[in-house]
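Work through the exercises below with the sequence and the model at hand. Each task is followed by a solution in steps.

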Amino acid sequence: MNPINEKSPEHFHIMVVEDEELIRDMIQQNIEWAGYECTIAESGIEALEILDGDSNKVDIIITDIRMPGLNGIELTKKVKENYDSDVIVMTGFADDFDYEKVIECGASDFFQKPINPKELLLRLKRVLKERILLAERNRANNELKKNIEKLQNAQEQTVAALASTAEIRDPYTSGHQKNVTKIACSIAEHMGLSADLIKGLRIAGLLHDIGKISVPAEILSKPGKITKDERNIIKNHCRVGYDILKGIEFQWPVAKVVLQHHERMDGSGYPLGIQGEEILLEARILAVADVIEAMSSHRPYRAALGLDEALEEIRNNRGTLFDPVVVDACLDLASKGKVKFE
Ligand SMILES: [Fe+2]
């Protein structure tokens with residue numbers, strides 16, 4: 001689109017398409033007197049040739065309807081399909097006037113001959129004003145879209161950076177958050193949940209163990225049994241994660257999902273001991289994905305138990321610890337070989 005809102009009025013370029021020389025000259029004169037640049041074309045075909053030569057230059061085309069070859073309605077359609085110019089249609093025959101047809105083909109305005117120069121210029125100015133407003137709106141929209149994209153990229157990069165800080169300190173769970181996210185998102189998709197919910201689930205998944213940053217590395221990588229105190233320190237990662245994330249204004253309840261990812265359906269989880277639907281759906285999905293990934297992977301205190309045992313665990317605790325709908329979706333995915341992670 002022309003940067004027309006940067007043009008001074010005298011730089012607007014109008015093209016008059018009219019097969020009758022007298023009328024064509026009269027319109028051209030009036031347009032030039034008003035200070036606009038004006039090009040003339042004797043037919044629709046010539047008008048298209050001019051547009052092809054320099055399509056960005058013409059802001060508004062004023063065209064007659066009845067012309068040999070391409071008529072004004074056909075010309076308007078072609079202009080709206082292929083070029084950026086606005087079109088004002090004029091006609092000298094009452095029978096030609098079909099408002100619906102004129103608007104349907106994309107014209108911005110119309111008027112009837114005999115031409116009243118004052119009316120012609122008023123209509124021209126109005127269409128130009130709309131054109132300027134539209135160009136400004138498009139530019140503002142494009143700017144807004146670019147800024148939203150930038151913000152989304154920045155958010156994704158921030159989430160990835162945050163996620164990696166937790167994993168750098170705990171090599172045994174390196175990749176755990178990514179794998180859990182993959183499983184959780186597959187389950188959510190299989191459940192037919194909305195793309196928007198899945199976006200939020202993805203972020204919560206990538207950050208669900210961020211609170212482990214507060215757990216001393218020697219506890220995280222301790223090969224033997226851990227003490228009760230050590231267990232309590234580890235359990236605190238949900239609250240720490242919540243505290244880290246609660247100040248970030250995500251579009252989704254990321255901090256709450258992180259807080260709740262160790263809650264269980266029967267209230268036996270932590271840190272709040274909430275149950276059933278008090279637990280956010282995203283957290284109920286993460287709980288299942290977390291168990292599947294953790295049991296399938298190697299840990300400092302035990303070897304990997306394998307996917308089958310993990311599936312057995314969620315099957316046995318379907319409805320007690322884990323949301324039955326989420327468990328069913330996960331088992332169904334697994335039966336199709338679709339529970340996969342690195
Ligand atoms: Fe966790």
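**Exercise 1.** In this predicted model, which elements cover the buried residues of helix 3, and where around the axis do those residues lie?

Solution. 
- Step 1. Helix 3 spans residues 72-82, and its buried residues are Gly72, Ile73, Leu75, Thr76 and Val79.
- Step 2. These residues take up an arc of only 160° around the axis, so they sit on the same side of helix 3. An α-helix has 3.6 residues a turn, so residues three or four places apart point the same way.
- Step 3. The cover over the buried residues includes strand 1 (13-17), helix 2 (44-53), strand 3 (60-64), strand 4 (86-91) and helix 4 (99-104).
- Step 4. Glu81 and Asn82, on the other side of helix 3, are exposed.
- Step 5. At the start of helix 3, the backbone nitrogen of Ile73 has a side-chain oxygen of Asn71 within 2.9 Å.

**Exercise 2.** List the protein donors of the iron ion and explain why their arrangement is irregular.

Solution. 
- Step 1. The protein donors are Asp209 (OD), His237 (NE2), His261 (NE2) and His262 (NE2), at 2.2 to 2.4 Å from the iron ion.
- Step 2. Along the sequence, the donor residues follow the spacing D-x27-H-x23-H-H.
- Step 3. Four donors count as tetrahedral if all angles lie between 85 and 135 degrees. The angles subtended by the four donor atoms here run from 82 to 169°, which makes the arrangement irregular.

**Exercise 3.** Locate the cis peptide bonds that join Lys113 to Pro114 and Tyr270 to Pro271.

Solution. 
- Step 1. For the cis bond between Lys113 and Pro114, omega is about 5°. Pro114 lies in the loop between strand 5 (109-112) and helix 5 (117-169).
- Step 2. For the cis bond between Tyr270 and Pro271, omega is about 5°. Pro271 lies in the loop between helix 11 (254-260) and helix 12 (281-296).

**Exercise 4.** How far apart do the C-alpha centres of domain 1 and domain 2 lie?

Solution. 
- Step 1. The domain assignment gives domain 1 as 4-142 and domain 2 as 170-335.
- Step 2. Their C-alpha centres are 63 Å apart.

How values were computed. Residues numbered from 1 in each chain as written. Predicted model: local features only at pLDDT ≥ 70, side-chain atom pairs only at ≥ 80, totals over all residues. Heavy atoms only, no water. Buried < 20%, exposed > 50% of the residue type's maximum accessible area, 1.4 Å probe, protein only. Helix = DSSP H or I, 4+ residues; strand = E, 2+ residues; numbered from the N terminus. Arc of directions from axis to C-beta. Contact = heavy atoms within 4.5 Å. Polar contact = N/O pair within 3.5 Å; in protein donor to acceptor, adjacent residues only side chain to side chain. Donors = N, O, S within 2.8 Å, 3.2 Å for Na, K, Ca; no water. Tetrahedral: all angles 85-135°; square planar, octahedral: opposite > 155°, others 65-115°. Domains from an automatic or database assignment.
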